[in-house]
Amino acid sequence: MTGRPEPGAGHANAGGEGVRGEAGTRRLFVALELQEAVLARLEALKREMPGIRWPGRDAMHLTLRFIGDTPAERVPVIMEALRAARLMGAGPFALRVKGLGLFERSRQAILWAGLDHSPALSGLKRRVDAALAAGAGLGPDGGRFFPHITLSRSKIPPPAALRGIVRDHGAKDFGEFSVAAFALFSSLLTPGGAVHAREAIYPLSSKQAE
């Protein structure tokens, strides 16, 4: 499978919404978390990929909107804006993870898992973008939304084993998961890679905001 990702793209508190208490700038994004059964099937690919860098579970998610570096005082504004997105009239839905593909950029190759077409996912993406524009003054998300889950990154040219994985599992079905909420995450860049933490969670509601 081929395609290109949306621009840019943890499990901290399992509970309600809240901002992590630290000053400075935060690198934010909005994403969907995967469920155990799908995570396990994706992680099983590691046995076929010796020597390939593989992300931790906190990095395996589906990005809806990359917000980027955000001053700490702006975080509550973004969180409040996202509360509106969950009340725009759409309840839980299911997504199916299917197929593998490879993005080849100038310096790295990115292995990704794709998803079956989902009008419900496209609708949620539009509502998140609309809520961030109306409530936080963020501009439109540049580029085409290409939903995917990043699985590994390697140098260019990619190892032959990576191309083989895509060839052998290009149409593999990794299962379905239920989307009952979306979340706001922060990302801390470290020498060992990005560390993600959930900042807030927004259960989906089929009730229209008043």
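This is a predicted model: local features need pLDDT of at least 70, side-chain atom pairs count only at pLDDT 80 or more; totals for chains, interfaces and linings use all residues.
Colleague: Let's start with the sheets. What is the strand order in the open sheet that contains β1?

Modeller: The order is β2-β1-β8-β9, and the pairing is antiparallel. From one strand to the next, the twist averages 25°.

Colleague: What makes β2 and β9 edge strands?

Modeller: Each of them, β2 (61–71) and β9 (193–203), pairs on one side only.

Colleague: How do you know that β8 and β9 are paired?

Modeller: Two strands count as paired if there are at least two bridges between them. Strand β8 (residues 181–190) is joined to β9 by ten bridges, so the pair qualifies, and the two run antiparallel. A hairpin joins the two strands through two residues.

Colleague: And how do you know that β1 pairs with β2 and with β8?

Modeller: The same cut-off of at least two bridges applies. Nine bridges join β1 to β2, running antiparallel, with Phe29 standing opposite Phe66 in β2. Five bridges join β1 to β8, again in the antiparallel sense, and Arg27 has Ser187 as its bridge partner in β8. Both counts meet the cut-off, so both are pairs.

Colleague: Why is β9 described as largely enclosed?

Modeller: Eight of its eleven residues are buried, so the rest of the structure largely encloses β9. β1 is mostly covered too, with seven of its nine residues buried.

Colleague: Now a single residue. Why does Thr150 count as buried?

Modeller: Buried means under 20% relative accessible area. Thr150 has 18% relative accessibility, so it counts as buried. This residue is found in strand β6. Leaving aside neighbours within four places in sequence, it is in contact with Pro55, Ala59, Met60, Ile110, Leu111 and Trp112.

Colleague: Which sheet does β6 belong to, and what leaves one side of β6 without a neighbour there?

Modeller: That is an open sheet of four strands in the order β6-β5-β4-β7, with antiparallel pairing. β6 and β7 (173–179) stand at the edges, each with a single partner strand, so one side of each has no neighbour in the sheet. The twist averages 30° from one strand to the next. Further in, six bridges join β4 to β5, which run antiparallel, and Leu100 stands opposite Ala113 in β5.

Colleague: What covers the buried residues of helix α4?

Modeller: The cover includes β4 (93–104), β5 (108–115) and β6 (149–155). The helix lies across those three strands, running at about 140° to β4. Its buried residues are Leu162, Gly164, Ile165, Val166 and His169.

Colleague: Which residues meet where α2 and α3 touch?

Modeller: From α2, Val77, Ile78, Ala81, Leu82 and Ala85 meet Arg127, Val128, Ala131, Leu132, Gly135 and Ala136 in α3. On the sheet side, α3 (residues 119–136) lies across β1 (25–33), β2 and β8, running at about 10° to β2.

Colleague: Which residues touch the most other members of the largest nonpolar core?

Modeller: Leu151, Phe182 and Leu184 do, in a core of 50 residues. Membership of such a core takes a buried residue of a listed kind, Leu and Phe among them, joined to others through side-chain atoms within 4.5 Å. As for the general background, nonpolar side chains tend to be buried together in soluble globular proteins.

Colleague: What does Leu184 touch?

Modeller: Not counting residues up to four places away in sequence, Leu184 touches Leu28, Phe29, Val30, Ile67, Ile78, Met79, Leu82, Ala197, Arg198, Glu199, Ala200 and Tyr202. Two of these contacts, Ile78 and Leu82, have come up already as α2 residues that meet α3.

Key: Residues are numbered from 1 along each chain as its sequence is written. Side-chain values use heavy atoms; hydrogens and water are left out. Axes are lines fitted to C-alpha atoms, for helices over the stretch in contact, and angles run from 0 to 180 degrees between N-to-C directions. Contact means heavy atoms within 4.5 Å. Buried means under 20% relative accessible area, exposed over 50%, partly exposed in between (1.4 Å probe, protein chains only).
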